[in-house]
Amino acid sequence: SPQLRSFNFSFILAPRDKIEAMTVIKIIRFFKQGMSVKTSSSNVFLKAPNIFLIRYQTFNTSGEEIIHPSINIIKECALKSCDVQYTPDGTYMTYEDPYRTLTSYQLTLSFGELDPIYDSDYTELDKDRDQVIGY
């Protein structure tokens, strides 16, 4: 039976200095906050979390940025889980910044597509010329 697809990505974020450490904190916060439910101005209704567009990109022979034709295409997704391993190297070590930022994090993201893949999606990609892998 047709099912919505899931995609998992795992990244090791290992900042080399205090400035990069703050960028890593912002990246982790971006994903955690982006998957959170929003409240309405009256706080009576809940609004949906952010949706994400994931694209594998490359450059064509003219140097223009394009969607990578040899890697799958992903439709709009919701972030289902955002897991952070705070000691991926097996040890606790921090920088000497005011926030005691860790020297390494492992960020694992699980996305779920919001729409199923239809046969017509492939036709619309390249008019059935079979030039891209597709979904």
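The model is predicted, so local features need pLDDT of at least 70 and side-chain atom pairs count only at pLDDT 80 or more, while totals for chains, interfaces and linings use all residues. Residues are numbered from 1 along each chain as its sequence is written, and side-chain values use heavy atoms, with hydrogens and water left out.

- Leu107, in strand E8, counts as buried because its relative accessibility is 2%; buried means under 20% relative accessible area, exposed over 50%, and partly exposed in between (1.4 Å probe, protein chains only).
- The C-alpha atoms of Leu107 and Ile12 are separated by 6.4 Å, although the two residues are 95 apart along the chain.
- Leaving aside neighbours within four places in sequence, the contacts (heavy atoms within 4.5 Å) of Leu107 include Phe9, Phe11, Ile28, Phe31 and Val84.

**Helix H1**

- Buried residues in H1 are Ala21, Val24, Ile28, Phe31 and Gly34.
- Their cover includes E1, strand E2 (38-39), strand E4 (51-52), E7 and E8.

**Salt bridges**

- There are 3 salt bridges, each a side-chain nitrogen of Lys or Arg within 4 Å of a carboxyl oxygen of Asp or Glu.
- Arg5 pairs with Glu113, with the closest N and O atoms 2.8 Å apart; this links the segment before E1 to strand E8, 108 residues apart.
- Arg5 is partly exposed at 21% relative accessible area, whereas Glu113 is buried at 3%.
- Arg16 pairs with Glu20 at 2.6 Å between the closest N and O atoms; Arg16 is exposed at 68% and Glu20 partly exposed at 26%.
- Asp121 pairs with Lys75 at 2.7 Å between the closest N and O atoms.
- Asp121 lies in helix H2 and Lys75 in the loop between strand E6 (65-67) and E7, so this pair ties together parts 46 residues apart in sequence.
- Both Asp121 and Lys75 are buried.

**Partly exposed tyrosine**

- Tyr122 is found in helix H2 (residues 119-126).
- Tyr122 counts as partly exposed because its relative accessibility is 34%.

Terms used: Helices (H or I, at least four residues) and strands (E, at least two) are DSSP runs, numbered from the N terminus.
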